[in-house]
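Here is a friendly briefing to read alongside the model. Please keep the sequence and the 3D view open as you go.

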Amino acid sequence: MASRNHSSITEFILLGLSADPHVQVLLFVLFLIIYLLTLLGNLLIILVIHTESNLHTPMYFFLSHLSFQDLFYSSVTVPKLLENLLSQRKAISVEGCLAQVFFVLATTGIEACLLSVMAYDRYAAICHPLLYGQVMNKQLCERLVWGSWVVAFLDALVNILLALNIDFCEVQTIHHYSCELPSLFPLSCSDVSTNSAMLLCSALLHAIGTCLLIVFSYVRILSTILSISSTTGRSKAFFTCSSHLTAVTLFYGSAIVRYLMPTSGSPLELILSIQYSVITPLVNPLIYSWKNKEVKAALRRMMIKYLQCLSTEEI
């Protein structure tokens, strides 16, 4: 089979979610609503955490960064998805595709690291409450956040530098709504065993490394909760972890399976990708605001202040 370097191929075709124009319009409306709600929900979380002084704690510091990450995460793929749902020719340039691959890898890695950092924060708060303020000081919190971004971007950089050497065939069709590295491998005319091995190592290292920290944290948390004598105390301690556990389950349950399963263009791949790249950024602020009394109270205070300002302006 003849091969040519990817520099001579100017674009890929994203098949997307459906070829039916009527279904595409419905999907456009659905994903537009999801995207706008994602932006609104995460911006509200960031705003309320930064304006409410009683939320200036490590847990909410990490939550604000998770919300910022979710804004970034959903904006990597959803705008292009919305554009293609209304386009006759669902094309993306090679450069745009590789850029999307890079940011998908980076944002996925950041999300995994932040969730593991938040698990460690819950471990410190529940297992060492008297030392919590000393252990989770401002400097450590900032280093953990910046470390999450640096590790994820370096990992994405290594994978994308290897991807730049891939030679693509005449076939330019990607059976997906966005560019993800596993979806590019079937289009290659060159050997991608090194790329596949590096991606597998990255996925395993991220999955194993972050999951081990999460599992370790929750084993210790569970042990501490079970040692609490009062039922009320156990319930309160577990309740503080329930939001994080829900977010971890939603993200890891789909992302790990997607990056470890063989690429086949199956509907399951699309569902898993939608789960962690579209649905998770939407539901994270809902999970943390719905189950968190402090966040709900802060949101109510912010809304009351906003309504009072509106009424004052009308007068």
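The notes below cover helices, the disulfide and other cysteines, and salt bridges.

This is a predicted model, in which local features need pLDDT of at least 70 and side-chain atom pairs count only at pLDDT 80 or more, while totals for chains, interfaces and linings use all residues. Residues are numbered from 1 along each chain as its sequence is written, and side-chain values use heavy atoms, with hydrogens and water left out. The structure holds one disulfide, and a search of the whole structure finds three salt bridges.

**Helices and annotated spans**

- Helices (H or I, at least four residues) and strands (E, at least two) are DSSP runs, numbered from the N terminus.
- Helix H7 covers residues 193–226, and its 34 residues should span 50 Å at 1.5 Å a residue; the expected span is 1.5 Å times one less than the number of residues. The end C-alpha atoms of H7 are 47 Å apart, which agrees.
- Buried residues in H7 include Asn195, Leu199, Ser202, His206, Thr210, Ser217, Tyr218 and Ile225. Here buried means under 20% relative accessible area, exposed means over 50%, and partly exposed is in between (1.4 Å probe, protein chains only).
- An unreviewed UniProt entry places the feature "transmembrane region" at residues 25–48, 98–123, 144–164, 197–216, 237–261 and 273–290. UniProt positions are given in the numbering used here, feature names are shortened, and annotations may be inferred rather than shown by experiment.
- Residues 25–48 are 100% helix and 0% strand, with end C-alpha atoms 34 Å apart.
- Residues 197–216 are likewise 100% helix and 0% strand, and the end C-alpha atoms of this span are 27 Å apart.

**Cysteines**

- Cysteine 97 and cysteine 179 form a disulfide with their sulfur atoms 2.0 Å apart; the cut-off is a pair of cysteine sulfur atoms within 2.5 Å.
- Cysteine 141 counts as buried at 4% relative accessibility, whereas cysteine 201 is partly exposed at 41%.

**Salt bridges**

- A salt bridge is counted when a side-chain nitrogen of Lys or Arg is within 4 Å of a carboxyl oxygen of Asp or Glu.
- Glutamate 11 pairs with arginine 89 in a salt bridge whose closest N and O atoms are 2.2 Å apart. This pair links distant parts of the chain, with glutamate 11 in strand S2 (residues 11–14) and arginine 89 in the loop between helix H2 (58–85) and strand S3 (91–93), 78 residues apart. Arginine 89 is exposed, with a relative accessible area of 52%.
- Lysine 80 and glutamate 83 meet in a salt bridge at 3.3 Å, N to O. They are three residues apart in helix H2, so about one helical turn separates lysine 80 and glutamate 83. Lysine 80 counts as buried at 17% relative accessibility, while glutamate 83 is partly exposed at 44%.
- Aspartate 121 and arginine 122 form a salt bridge through their side chains at 2.9 Å, N to O. Aspartate 121 is buried at 1% relative accessibility, and arginine 122 is buried at 9%.
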